[in-house]
Amino acid sequence: MPHIIWTDNLNTGIDVIDSQHRQLIDYINQLHDIRLSHDKKVVATVIEAMVDYTISHFGFEEALMEDAGYEFFRPHKRVHELFIKRIEALQRRFNNGEDILEELHSLLTRWLFNHIKNDDASYISSVKPKVQLHIQEEVRTGWLTRSLRRFFVSP
């Protein structure tokens with residue numbers, strides 16, 4: 001199986017989420033590259049980084065959904081929890097000496113595309129306006145804006 005290439009149809013329209021999804025694809029591609037190396041230390045490092053990053057990404061998505069009041073937040077979070085359990089089970093099998101790289105690579109590839117195109121697509125309309133408000137607020141109240149107001153705006 002060749003490397004996964006990011007295509008525009010995977011974009012959610014939320015740059016920070018798209019960037020995180022691209023990083024997950026990078027980890028999947030790293031797994032592809034090292035699966036034949038049989039260097040357990042390198043494989044373990046990539047699996048650990050990928051699991052940690054996935055957990056962080058899910059936490060970030062969940063915070064956005066909860067903050068936006070997304071009505072299906074709890075079911076979406078449950079999907080995340082079940083997926084993490086599957087990945088952690090594979091990681092334990094690897095740590096016990098089992099060769100799980102093909103299975104892990106296949107699972108991640110199928111799951112990520114399905115999750116982006118279906119599960120994540122469902123929350124975008126709720127979350128995107130809230131994210132845009134946060135960005136506008138940061139621009140409005142960021143350091144430069146505060147500094148300019150301090151020196152150039154009368155009290």
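Student: What makes the charged end of K40 count as sitting over the ring of F94?

Tutor: In this predicted model, the charged end of K40 is 5.0 Å from the centre of the F94 ring. The cut-off for the distance is 6 Å, and the charge must also be within 35 degrees of the ring normal. K40 is listed as sitting over the ring of F94.

Student: How many aromatic pairs are there?

Tutor: The count comes to six aromatic pairs.

Student: Why is the pair of Y27 and Y53 called tilted?

Tutor: The ring centres of Y27 and Y53 are 5.8 Å apart and the planes stand at 55°.

Student: What parts does the pair of Y27 and Y53 tie together?

Tutor: Y27 belongs to helix α1 (residues 15–34) and Y53 to helix α2 (residues 40–68), so the pair ties together parts 26 residues apart in sequence.

Student: Why is Y27 called buried?

Tutor: Y27 has 13% relative accessibility, and buried means under 20%. Y27 therefore counts as buried. Y53, at 25%, counts as partly exposed.

Student: What makes the pair of Y70 and F72 edge-to-face?

Tutor: The planes of Y70 and F72 are at 75°, with ring centres 5.9 Å apart. Planes over 60 degrees apart count as edge-to-face, so this pair is edge-to-face. Y70 is buried at 8% relative accessibility, whereas F72 is partly exposed at 45%.

Student: Which residues do ring pairs link into a cluster?

Tutor: F58, F83 and W111 are linked in this way.

Notes. Residues numbered from 1 in each chain as written. Predicted model: local features only at pLDDT ≥ 70, side-chain atom pairs only at ≥ 80, totals over all residues. Heavy atoms only, no water. Phe/Tyr/Trp six-rings, centres within 6.5 Å; stacked < 30°, edge-to-face > 60°. Helix = DSSP H or I, 4+ residues; strand = E, 2+ residues; numbered from the N terminus. Buried < 20%, exposed > 50% of the residue type's maximum accessible area, 1.4 Å probe, protein only.
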